[in-house]
Amino acid sequence: MRGSWCLNRRTELRFRLLAISTVKSVTVKIKFLLCCCIALTLIVLLFSAASSTFVLWTNQTPSALSRFTDSRKGYSIVMNTWKRYDLLKQSIKHYSYCPRLESVHIVWSEPDPPSDVLLKFLHHAVKSKPKDGGHVKLKFNVHKEDSLNNRFKEIEDLETDAVFSIDDDVIFPCSSVEFAFDVWQSAPDTMVGFVPRVHWVDSSKGAVDKFMYGGWWSVWWTGTYSMVLSKAAFFHKKYLTLYTNEMPTSIREYVTENRNCEDIAMSFLVANATGAPPIWVKGKIFEIGSTGISSLGGHSERRTECVNRFTAAFGSMPLVSTSVKAVDSRNIWFW
Ligand SMILES: *[C@@H]1O[C@H](CO)[C@@H](O)[C@H](O)[C@H]1NC(C)=O
């Protein structure tokens, strides 16, 4: 009796010890695993941060994107430029490496035609990256009149439906451009761009038909936007025809006279045609020029003036607000 009790007691004790040590070792293992996870995450984060700063905008598109190259048409860059040849050279050289770029059209509104030296450099730059069917084509659209409307003039020999409208002083990595192109392909009537802006009803004056224009900080604060600027946006080439032929004359004249707001006008035009908001795409942006007009004083007042004038010309406010943002899910670690 006693012996068996003793045995039972001892077995029980051993089990308890075993249980405690098992619990302990399980806890240790869990802690160890957690540490491993955290360490791994840190390494991955550090590595991705380091590699992304290191590659900068010279990085190439991941090959996964280029499998569409054969089956679908690419896009054309329409670049607005004004007497900043270094910037022009730098950005053309950069974009000629983007896989699905078909052609570059430079909107030239200067009194003098492009110099031979510049032409030679640019033609050489686009030829330095041969593609399957030749190389990126380079064309100049020379205009006599100096107007910001020139950047949306119809281009006769435009071979692609997709237009990537861009200023000469901002550069996006090819991976960002090609991702925006993917987004555009899934919504070809929509304007797809990297630089969002917003408008809202200015209720301070008690009116419902007065609007305010909001810059980057307003978008950041509210997470809402209703325009993407044509300094970096994809749209269908049909909007070039619409801009030239259907845009109210008062708006085109206002743009020429004030040298401003052609991008707002384009946003109005597309919104009026689609009744839908644009799409903001997340992308890395590198400003290579000095600060533009947006940093001059009175900028937002003048933009607000444009929004109100254009609304009057259209008869109502066509812009639609949204909070949707397109991101490349391959570049997100946690979701
Ligand atoms: C705005 O849209 C309406 C309806 O589709 C159209 O009749 C009008 O011509 C458009 N306005 C402009 C300036 O494109």
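Predicted model: local features only at pLDDT ≥ 70, side-chain atom pairs only at ≥ 80, totals over all residues.
**Exercise 1. The nonpolar core**

Task: How many residues has the largest nonpolar core, and which have the most contacts inside it?

Solution. Step 1: take the count. The largest nonpolar core has 66 residues. Ala-180, Phe-234 and Ala-265 have the most contacts inside this core.

Step 1: find the main contributor. Helix H9, residues 262-274, gives the most to this core, with 7 residues.

Step 2: look around Phe-234. Setting aside neighbours within four places in sequence, Phe-234 is in contact with Tyr-75, Ala-162, Val-163, Phe-164, Ala-180, Phe-181, Trp-184, Val-192 and Gly-193.

Step 3: link to Exercise 1. Ala-180, Val-192 and Gly-193 are among the partners of Phe-234. Ala-180, Val-192 and Gly-193 are also among the partners of Val-281.

Step 4: In soluble globular proteins, nonpolar side chains tend to be buried together.

**Exercise 2. H9 against H10**

Task: At what angle do H9 and H10 pack, and how far apart are their axes?

Solution. Step 1: read the geometry. H9 and H10 (residues 299-314) pack at about 35°, with axes 10 Å apart. H9 passes H10 in a right-handed crossing.

Step 1: name the residues. H9 brings Ile-264, Ala-265, Phe-268 and Asn-272. H10 brings Arg-303, Cys-306, Val-307, Phe-310 and Phe-314.

Step 2: sort them. The contact divides into 7 nonpolar, 1 polar and 1 charged.

**Exercise 3. The ligand shell**

Task: Which residues are around the ligand?

Solution. Step 1: list the shell. The residues are Glu-246, Met-247, Pro-248, Leu-269, Asn-272 and Phe-314.

Step 1: classify. The shell has 4 nonpolar, 1 polar and 1 charged.

Step 2: link to Exercise 3. Asn-272 and Phe-314 also take part in the contact of H9 with H10.

**Exercise 4. The whole chain**

Task: How many helices and strands are in the protein chain?

Solution. Step 1: there are 10 helices and 13 strands.

Step 1: of the 335 residues, 31% count as buried.

Step 2: among contacts between residues at least 6 apart in sequence, 84% join residues at least 24 apart.

How values were computed:
Residues numbered from 1 in each chain as written. Core = buried A, V, L, I, M, F, W, Y, C linked by C-beta atoms within 7 Å. Buried ≥ 20, exposed ≤ 12 C-beta atoms within 10 Å, placed from the backbone. Helix = DSSP H or I, 4+ residues; strand = E, 2+ residues; numbered from the N terminus. Contact = placed C-beta atoms within 7 Å. Near = placed C-beta within 6 Å. Nonpolar A, V, L, I, M, F, W, Y, C, P; charged D, E, K, R; others polar. Axes fitted to C-alpha atoms, helices over the stretch in contact; angles between N-to-C directions. Left-handed = near helix turned anticlockwise from the far one by under 90°.
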